[in-house]
Amino acid sequence: RDLGVLVTHAMFDNSLAPTLGKFDAVTLTNMLEHVPAPIHLLQAAIEMLDSGGLLCVTAPNDYNALQSALRSKGVRPWWLAPPHHLNYFSFASLSRLLARLGLQELARSTSFPMEIFALMGDIYIDDPVLGRACHLKRIALDQSLAAQNGAARQRLYCALASAGFGREITIVAQKP
């Protein structure tokens, strides 16, 4: 506000959305898992888009194959987070939902699948020290790939997303 930027501090919902105007792009990051009716939130965001506008949605990638492999080894489903997480998505389910709402998927990506560490024996889930060490390894990988060639990092995460792996789902879709 001190810089002259219009700031709206409110919960984004169907009543607020029409008051904000039209946009070329809208981003919803880690929201859909928290709301009782994600379809309504998505519809409100889509209504805000100009024709040809882009919607970028990010949500946790829960119940993925890596998590299933850990469950088969007896690791508890740490990603279950009621009452905070009301909805759980996969790449396929989020993609279908966006298509149902009339959007065309343009791209998908993810973040590093931390479950890989646990599958290799570093069960970090209830161990904050080990969790931090694994997190720092993930950061080192990201920084190394970015420093060498940012495109390599992007290709890695897009390939993981294509296979349904990765800690998060990120889908960019376009309004016709």
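**View 1. The largest nonpolar core of this predicted model has 26 residues, among which F12, L28, L42, L55, L94 and L98 touch the most other members.** The model is predicted, and the contacts described here are those computed from its atoms. At least two residues of this core come from each of β1, α2, β2, α4 and β4, and the largest share, five residues, is supplied by α2. Leaving aside residues up to four places away in sequence, L98 touches L42, L55, V57, L103, I171 and A173. In soluble globular proteins, nonpolar side chains tend to be buried together.

**View 2. Four strands form an open sheet in the order β1-β2-β4-β3, with mixed pairing.** The edges are taken by β1 (23–29) and β3 (104–109), each of which has a single partner strand, so one side of each is left without a neighbour in the sheet. From one strand to the next, the twist averages 15°. Strand β2 (residues 49–60) pairs with β1 in the parallel sense over six bridges, and within this pairing F23 stands opposite L49 in β2.

**View 3. Helices α2 and α4 are seen against the sheet.** Helix α2 (residues 38–47) lies across β1 and β2, and its direction runs at about 145° to β2. Helix α4 (residues 91–100) also packs on the sheet, where it touches β2, β3 and β4 (168–174), and its direction makes about 20° with that of β4.

**View 4. Ring pairs link Y63, W78, W79 and Y88 into a cluster.** A search of the whole structure finds four aromatic pairs. In one of them, the rings of Y63 and Y88 have their centres 5.6 Å apart and their planes at 85°, which is over the 60 degrees required, so the pair is edge-to-face. This pair links distant parts of the chain, since Y63 lies in the loop between β2 and α3 (65–72) while Y88 lies in the loop between α3 and α4, 25 residues apart. Y63 counts as partly exposed at 45% relative accessibility, and Y88, with a relative accessible area of 25%, is likewise partly exposed.

**View 5. W78 and W79 form an edge-to-face aromatic pair.** The two rings lie 5.1 Å centre to centre, with 85° between the planes.

Terms used. Residues numbered from 1 in each chain as written. Predicted model: local features only at pLDDT ≥ 70, side-chain atom pairs only at ≥ 80, totals over all residues. Heavy atoms only, no water. Pairing = 2+ DSSP bridges. Axes fitted to C-alpha atoms, helices over the stretch in contact; angles between N-to-C directions. Contact = heavy atoms within 4.5 Å. Core = buried A, V, L, I, M, F, W, Y, C linked by side-chain atoms within 4.5 Å. Buried < 20%, exposed > 50% of the residue type's maximum accessible area, 1.4 Å probe, protein only. Phe/Tyr/Trp six-rings, centres within 6.5 Å; stacked < 30°, edge-to-face > 60°.
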